[in-house]
Structure formats: structure tokens, C-alpha cells
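Here are my notes on this model, point by point. Please read them with the coordinates open.

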Amino acid sequence: MTNQPRPPGHEPAIRIVMMPKDTNAEGTIFGGVILSLMDQAAYIEAMRQAHHRYVTVSFKETEFHKPVYVGDVLTVYAETTRIGRTSLNIKVSVCARRRLDPDENVEVTEGEVIIVAVDDNGKPAAVLGG
Ligand SMILES: CC(C)(COP(=O)(O)OP(=O)(O)OC[C@H]1O[C@@H](n2cnc3c(N)ncnc32)[C@H](O)[C@@H]1OP(=O)(O)O)[C@@H](O)C(=O)NCCC(=O)NCCS
């Protein structure tokens, strides 16, 4: 998937350069760094839907398709696919523009994050009020 087109108006939640501090023992980017970015992107998307405190309750079907390298520019997209009473399902996809080949822009990871709106006591709260 080279230079994968995105739907018009589909803005990235996050864009970031991967640094040497983000690597695992293999020298590629540590999966936990990517998961953290996905979590943050889901939070940003949730806040776009409704302003709340949020906690992440689940990562579903997250797959790492391709490695990410130091110097790659990651773009993280997040899209709400379901708004429940207190939870949101957010589809997150991560694309890497390769440092060594800027024409190569590949989807490296995708998954679904489930995030729950909580009140001041950490108890689930209605996303859209009521
Ligand atoms: C998230 C949390 C508040 C949910 O509390 P809970 O008492 O289980 O709440 P409920 O059973 O009422 O579920 C609340 C919502 O979450 C959803 N949910 C709960 N567990 C889920 C799971 N494993 N997968 C998908 N959705 C889940 C429920 O379907 C419900 O959604 P809805 O209201 O839209 O129908 C609680 O589990 C918690 O605080 N977890 C720790 C979260 C955290 O700290 N995350 C950071 C990483 S450590």
C-alpha cells in the first residue's frame, strides 16, 4: 500500500517522528510505543466527540503488519465507529512514511480501542449526557 489515499476530510489525530529512544532490542520501534500512540489518538478522537474524562478499557484486534524504523514519520488516524451509552469504539490506523524512501507510505498497524467516559469517581458516565 504505497501512498495510501485517505478519505477527504479525514485528518490525522497525531503525526510524529520515531526516535532512537523508541526502539526495542531488534532496533525497530517497540510495539508499546505504537500502542501508546494509538491510545492517545483514541483519546483525542473521543474528546472530539464529547468532552469527558476517559479511560481505555480494551484494545481489540490490534495487528502489527510491518515494522517501523527510526526516522519514519508516523501518522495516526482515529475514527469513531460506535458510540454506546458510556463507551466509544474507535478504529485506529497507523501509517509510516519511510525515512529511507519518502514515496513509501504504508499502513503498519491497525486496531480498535474501546474507551469509557468516567465521572470524578472513575465510574462510567454517559457519553452524550442523560
Ligand atoms: C473502564 C471501567 C471504568 C469500566 O467499569 P465497569 O464497572 O466495568 O463498567 P461497565 O461494566 O458499566 O461498562 C462500561 C462500558 O464499558 C464497556 N466495557 C466494559 N468492559 C469492556 C470490554 N472488556 N470490552 C468492551 N467494552 C467494555 C461496557 O460495554 C460499557 O459500555 P456501554 O455503556 O457503552 O454499553 C473500569 O473497568 C476501569 O476503571 N478500568 C481501568 C481503566 C484504566 O485505568 N485504563 C488505563 C489503562 S490501565
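Predicted model: local features only at pLDDT ≥ 70, side-chain atom pairs only at ≥ 80, totals over all residues.

**Notes on the model**

1. Start with Arg85. Leaving aside its neighbours within four places in sequence, Arg85 is in contact with Ala125, Ala126 and Val127. Contact here means heavy atoms within 4.5 Å. Arg85 sits in the loop between β3 and β4. Helices (H or I, at least four residues) and strands (E, at least two) are DSSP runs, numbered from the N terminus. Arg85 is exposed, with a relative accessible area of 61%. The cut-offs are these: buried is under 20% relative accessible area, exposed is over 50%, and partly exposed is in between (1.4 Å probe, protein chains only). The C-alpha atoms of Arg85 and Val116 are separated by 9.2 Å, at 31 residues apart along the chain.

2. Residues are numbered from 1 along each chain as its sequence is written, and side-chain values use heavy atoms, with hydrogens and water left out.

3. The ligand shell. How many residues surround the ligand? There are 15, and the closest are Thr56, Arg85, Thr86, Ser87 and Pro124. A residue is near a molecule or strand if one of its heavy atoms lies within 4 Å of it. The largest share of the shell, five residues, comes from β2. β2 and β5 each supply at least two shell residues. By class, the shell has six nonpolar, six polar and three charged residues. In this scheme Ala, Val, Leu, Ile, Met, Phe, Trp, Tyr, Cys and Pro count as nonpolar, Asp, Glu, Lys and Arg as charged, and the others, Gly among them, as polar.

4. Atom pairs at the ligand. A backbone N or O atom of Thr56 lies 2.9 Å from a ligand nitrogen atom. For Arg85, a backbone N or O atom lies 2.9 Å from a ligand oxygen atom. The side chain of Ser87 places an N or O atom 2.7 Å from an oxygen atom of the ligand. On its own, the ligand has 950 Å² of accessible area, and the protein covers 44% of that. Accessible areas come from the Shrake-Rupley method with a 1.4 Å probe; for residues, only the protein chains shown count as cover.

5. Ser87. This residue belongs to strand β4. Is Ser87 buried or exposed? Ser87 is buried, because its relative accessible area is 14%. Beyond four places in sequence, Ser87 is in contact with Arg82, Ile114, Ile115, Val116 and Val127. The side chains of Ser87 and Arg82 are joined by a polar contact of 3.3 Å. A polar contact is a pair of N or O atoms within 3.5 Å; within protein, one must be able to donate a hydrogen and the other to accept it, and residues adjacent in sequence count only if both atoms are side-chain atoms.

6. Ala117. Strand β5 holds Ala117. Ala117 is buried, with a relative accessible area of 0%. Not counting residues up to four places away in sequence, Ala117 touches His52, Arg53, Tyr54, Thr86, Lys123, Pro124, Ala125 and Val127. C-alpha to C-alpha, Ala117 and Arg85 are 9.1 Å apart in space and 32 residues apart in sequence.

7. Glu107. Strand β5 also includes Glu107. Glu107 counts as buried because its relative accessible area is 16%. Its side chain makes a polar contact with the side chain of Ser93 (3.3 Å).

8. Please look at Glu61. Glu61 has a positive phi of about 45° although it is not a glycine. Most residues other than glycine have a negative phi. Glu61 lies in strand β2. It counts as exposed, at 72% relative accessibility.

9. Helix α1. This helix covers residues 31-49, 19 residues, and reaches 27 Å from its first C-alpha to its last. That is close to the 27 Å expected at 1.5 Å a residue, taken as 1.5 Å times one less than the number of residues. Its buried residues are Ile34, Leu37, Met38, Ala41, Ala42, Glu45 and Ala46. An α-helix has 3.6 residues a turn, so residues three or four places apart point the same way. The buried residues of α1 pack against β1 (14-17), β2 (53-64), β3 (73-83), β4 (87-97) and β5 (105-118).
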